Amino acid sequence: LLGRVYPVIENPKDSANLHVRPLKDDYHSHYTLVSKPYYHVTPLDKDPDGDQLIHFDKQKTLPRYIVKYKRTKVSYLSEINEQTEGVVIWIDDKPQQMKEYINSLSRSVPFIVVIQAINSAQAKVWIKRSQPKLTDLLKKMRFRIVTNRCREKDQGENAAASVVEWIKRDEFLNNTPVLVFCGNTEAALHLLNTKRQVFVTSDV
């Protein structure tokens, strides 16, 4: 439905804002985090009150009573501080199923912050918002991305492959190791590439 999503972080008060402007070139929709009372784009140093999805094709508009949003807990800038020794973004559309693994990781490495995102668009927005505080961790190779292989509403069977290509083509992130975490590792082995720091496993 959303296609290729552009993560919006432009402040509505800046001249480069996207308010009432057309769709970004080469994208199908926009996604952003917004704050009360006017639900403008959330400033980079604040936590959001909601999500906003914007598409530009009237034929794809759904009756509003069909749409249901469930807010998941996402850690924001306030959780990265001087004690943080590393950050892991864990992308999975079934976050509750990953709770045991994430709790185990947090216990074994107490100064690691684990960010849960239910799709790649949410992960992209978090990274853009957090970029100033991630720079030092990236230099120290203390930033990781974990993704499941398949997400029905986020590139389907190509979910992990799209995350790998996004990371490896991004100038800011291209040295970041990516771990494809899935039960059926054979279906993801084509993504394994140690030179590109892409790994596949069914266990952490």
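This is a predicted model: local features need pLDDT of at least 70, side-chain atom pairs count only at pLDDT 80 or more; totals for chains, interfaces and linings use all residues.
Reader: Which residues lie nearest the centre of the second largest pocket?

Author: Residues are numbered from 1 along each chain as its sequence is written, and side-chain values use heavy atoms, with hydrogens and water left out. A pocket here is an open set of points on a 1 Å grid over the protein atoms alone, where a 1.4 Å probe fits, with protein on both sides within 12 Å along at least five of seven lines; its lining residues have an atom within 4 Å of a point. This pocket is lined by 18 residues, and nearest its centre are Leu18, His19, Val20, Val41 and Gln52.

Reader: What volume does the second largest pocket have?

Author: The grid points are joined across faces, edges and corners, and the volume is the space filled by probe spheres set on those points. For the second largest pocket, that gives about 340 Å³.

Reader: Which element supplies the largest share of the lining of the second largest pocket?

Author: Strands are DSSP runs of E with at least two residues, and helices are runs of H or I with at least four, numbered from the N terminus. At least two lining residues come from each of β2 (29-35), β3 (40-41) and β4 (50-55). The largest share is 3 residues, supplied by β2.

Reader: How many residues in the lining of the second largest pocket are nonpolar?

Author: Ala, Val, Leu, Ile, Met, Phe, Trp, Tyr, Cys and Pro count as nonpolar, Asp, Glu, Lys and Arg as charged, and the others, Gly among them, as polar. The lining has 6 polar and 2 charged residues, and its nonpolar count is 10.

Reader: How many helices and strands does the chain have, and in what order do the elements run?

Author: There are 3 helices and 9 strands. Read from the N terminus, the order is β-β-β-β-β-α-β-α-β-α-β-β.

Reader: What covers the buried residues of helix α3?

Author: Buried means under 20% relative accessible area, exposed over 50%, and partly exposed in between (1.4 Å probe, protein chains only). In α3 (residues 159-169), the buried residues are Ala159, Ala160, Val163, Val164, Trp166, Ile167 and Lys168. Their cover includes β5 (86-91), α2 (120-139), β7 (143-147), β8 (178-181) and β9 (198-201).

Reader: Is Asp26 buried or exposed?

Author: Asp26 sits in the loop between β1 (5-7) and β2. Its phi is near 70°, a positive value in a residue other than glycine. With a relative accessibility of 65%, Asp26 counts as exposed.

Reader: Where is the cis peptide bond that joins Lys36 and a proline?

Author: The proline belongs to the loop between β2 and β3. With omega at about 5°, the bond joins Lys36 and Pro37.

Reader: How many Å apart in space are Lys140 and Glu85?

Author: Lys140 lies in the loop between α2 and β7 and is partly exposed, at 45% relative accessible area. Although 55 residues separate Lys140 and Glu85 in sequence, their C-alpha to C-alpha distance is 9.4 Å.

Note on methods
Contact means heavy atoms within 4.5 Å.
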